[in-house]
Every structure is written in structure tokens, then in C-alpha cells.
Amino acid sequence: MKNNIFNHLFVMFAMLLGLSSCQDREIITINPESSPILIDLSAETLFLDANFPANPALTVTWSRATFDVPVETKYRVEISSNDKFDDALELTSTTRSQNYASFTAADLNSAAKKIGFVPDVAQKMYFRVVSFIGTDDFVQSSNVTSLMVTPYASAPIYDFVDLYLVGDATAGGWDNLATNNNLFPLLKSTEAGKYTFTGYFKAGGFKMIKVKGSWDDQFGLGAAPGLLSSDGGSGNIPVAADGYYTLTVDTADLTYTFVPATVPATTYSNISIIGTVNGNWDTDTQLTQSTFDPHVWTAFNVTLNAGEFKFRANNAWDTSWGTNAEFFGTASPGGANIPLAAEWTYDIYFNDATGAYTLIPVK
């Protein structure tokens, strides 16, 4: 009984001590006193020069946001094509309370492309600075200012990694040179690292390379069939007999499958692309049929306008292919127009057996 009374008294004493400690503890609150004010752009107009992409083009400075206690303030410099910042794009972020940022012509040109600016046309670019602390707390925006920017035509934003077939089982043979137009790319997926290819293979072996002209990044046979190796000692993936096969590849898991495939018996004497990328819907750009696989068609260093297009057979609308995916995808018979956002020079690959296509901007 005495022990129980003692235990109850001890618990009550501990609770009273805890309450006393909480009352003595100082609770710190943070309150903003002023938001960042964008005070200066180092230029009122910018004509970006493609000949000097690394040249300094613009410096943005702003007064610092202030709080009623010392805190580490961070900033984002954002741009937009309109003063409502519906398409806000982060140019850069700063730490340690830095209140300025500088950009090259290439920086601003790339940013202008991302918010839809047209090359060689003066357009108004809006700027603001957003301050915050921590990960994204106490977010405040500055006032908005603008300048006129004339961007230059530059390569489309193509953030994809291609894989090319190489080996005596493939159209390109073991010649991995950048000038070898028979190095066919696998069809990319929207899921990074996953690829497919359906086409003709001869008895022999093959590997895959990321960059034409280089063996540095390659994928070949690993420790066992179905496994890939990415080092220089990888083996050749074997092909036992001539025929059509479907290859699937996962470079993240370093796995592959290689199985026989059935393709349509129909072949065409002519495949072309037609659409506003050629200037109008009355002009065809002809592709060249592979002598290795009659279902594969290519065209190289083709200058196309921004616009839309489809693939079609025999310069007629009886058979056409399309879909709504830029750069790569699987076009379906009679499908949607394929979009192309930027005028540029492209290498074009099309497989009429599967509808797979790839457009790669030429650097």
C-alpha cells in the first residue's frame, strides 16, 4: 500500500515538473516583414546570338525578403510568357540568401524555347522572384517585370537516350561509325530504360550502343541468356537462325527478351511523310527502304517545319499511319497527326510492320 502511494506521488511530481518546463520554454514564431522586390534587369531588350551561346546575356538582382528573426532565405527566379505566370518556368534557384543570378545566351534561349517562344521573333518575357525558407515554407513572390527577347533557332529539347543495334545479325554489321545509316534505333518507351524492336535478324550476334561511333556505352550478353552486361567485356547476344524477332530491353534491370515474331506479309514500294512539316498537306518527303529488312524505312538530315505529319504508303491515303506522340511512338493505321514542335533537321526511322517510328534531331 505504501509503495502505491509513493508511486502516485512520484508520477504527480513528474507531471508538475513537465508542465513547469513547458511554461518556461520559449516558442519562436517566424513572420515575414517584406517580400523580395525585383529591382533590376541588366537589359531592356535581348537579341540572343546563336554564334555566342556562352556569352553573358542577363543579370537579375533583387532586394532580399526579410523576416522578424534571422533565417536562411532561398530564392527562385521564374519566367513566363504572360504576366499571370500560367506557364511559370524556374530559371535557377539560389541559397545562402544570394540575391542575384546571371544567365548566358544559351540559358535564356533554352528557357525561351520551353515556354513556347518562336525563333527570330521579339517576344515579351516576364520575370519574378519567389522567396521561401526550408523546403517550401513562407513562399512569397516579388513584383513582376519584363523585357523583350529575340531567341534563335536551336535544337529541339530531346531528353531521351537512344539504343542502336550493331552486329553481324543486324543491318549495320559491326561498323559502329556515326556515318553508318544502317544502325537502327530501338523504339523508346515513355518509361525510361525500356525499349523494343521488331525486325529481321540474320544468324549471328549483336549488341546495342547508345552513341553512334562509340563503344563506351554498350549493352551485350551478360552472365546468362536474358541478362545484359554494360561493360566492355559483354558478349554478343546470339541469333540462332535468320528470321523476324521481337527484342525487349530494360537497361535499368539489365535484362532482355528475344523471341520469334510474326510480321505482315505485305510490303510497300513507297513510304513517305506528308503534312505541314513539309509546308503543306500536298507534299511528300520520301523515305528509303532498307535492303536488309523491307519493312524498315529511313531518311537522314531532313529539314522539317514545326507542324504535323503522317506516314503513308504509295503517296496515297489508302494506307497511312499516325498517332499523337512527338519524336517516337507506335503509329496506328489512320491514326492522329503526329506533332512536331520545332523546325529542325531530323533523322527519321519507320517500321511499317509495327508502326514504330523515331525522329532524332541532328545535333
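This note goes through a predicted model, from the whole chain down to single residues.

1. Overall make-up. The chain holds 31 strands and 2 helices. Of its 363 residues, 42% count as buried. Among contacts with a separation of 6 or more, 65% are between residues 24 or more positions apart.

2. Dimensions. The radius of gyration of the chain is 30 Å, whereas a compact globule of 363 residues would have one near 21 Å.

3. An open sheet is formed by 5 strands with antiparallel pairing, in the order 23-24-30-31-27. Strand 23 (288–289) and strand 27 (328–330) are its edges, and each of these pairs on one side only. Strand 27 is joined to strand 31 (residues 356–361) by 3 bridges, the two running antiparallel.

4. Strand 25 and its partners. Strand 25 (residues 307–313) is largely enclosed by the rest of the structure, because 6 of its 7 residues are buried. It pairs with strand 21 (residues 271–275) in the antiparallel sense over 5 bridges, with I271 opposite A313. Strand 25 is also joined to strand 29 (residues 338–340), again antiparallel, by 3 bridges; F309 has I338 of strand 29 as its bridge partner.

5. Strand 25 and strand 26 (residues 320–322) pair antiparallel over 2 bridges, and R312 is the bridge partner of S320 in strand 26. The two strands form a hairpin with 6 residues between them. In the turn, N314 has a positive phi of about 60 degrees.

6. Nonpolar side chains tend to be buried together in soluble globular proteins. In this model the largest nonpolar core has 54 residues, and M208, F311 and I348 have the most contacts inside it. Strand 24 (residues 296–304) gives the most to this core, with 5 residues. A second, separate core has 30 residues, including I79, A105, A111 and F117.

7. Surroundings of I348. Leaving out residues up to four places away in sequence, I348 touches I273, L287, W297, T298, A299, V302, L304, F311, T358 and L359. F311, in this list, is also one of the residues with the most contacts inside the largest core.

8. T170. This residue sits in the loop between strand 12 (164–166) and strand 13 (187–188). T170 is buried, because its relative accessible area of 7% is under the 20% limit. Its side chain reaches the backbone oxygen of G167 at 2.8 Å. Beyond its neighbours within four places in sequence, T170 is in contact with L165, F201, F206 and F292.

9. F52. The loop between strand 3 (45–47) and strand 4 (56–63) contains F52. With a relative accessible area of 45%, F52 is partly exposed. F52 and A106 lie 54 residues apart in sequence, and their C-alpha atoms are 8.3 Å apart in space.

Note on methods: Residues are numbered from 1 along each chain as its sequence is written. This is a predicted model: local features need pLDDT of at least 70, side-chain atom pairs count only at pLDDT 80 or more; totals for chains, interfaces and linings use all residues. Side-chain values use heavy atoms; hydrogens and water are left out. Two strands pair if DSSP finds at least two bridges between them. Helices (H or I, at least four residues) and strands (E, at least two) are DSSP runs, numbered from the N terminus. Buried means under 20% relative accessible area, exposed over 50%, partly exposed in between (1.4 Å probe, protein chains only). A polar contact is a pair of N or O atoms within 3.5 Å; within protein, one must be able to donate a hydrogen and the other to accept it, and residues adjacent in sequence count only if both atoms are side-chain atoms. Contact means heavy atoms within 4.5 Å. A nonpolar core is a set of buried Ala, Val, Leu, Ile, Met, Phe, Trp, Tyr and Cys residues joined through side-chain atoms within 4.5 Å. The radius of gyration is taken over C-alpha atoms; the globule rule is 2.2 Å times the number of residues to the power 0.38.
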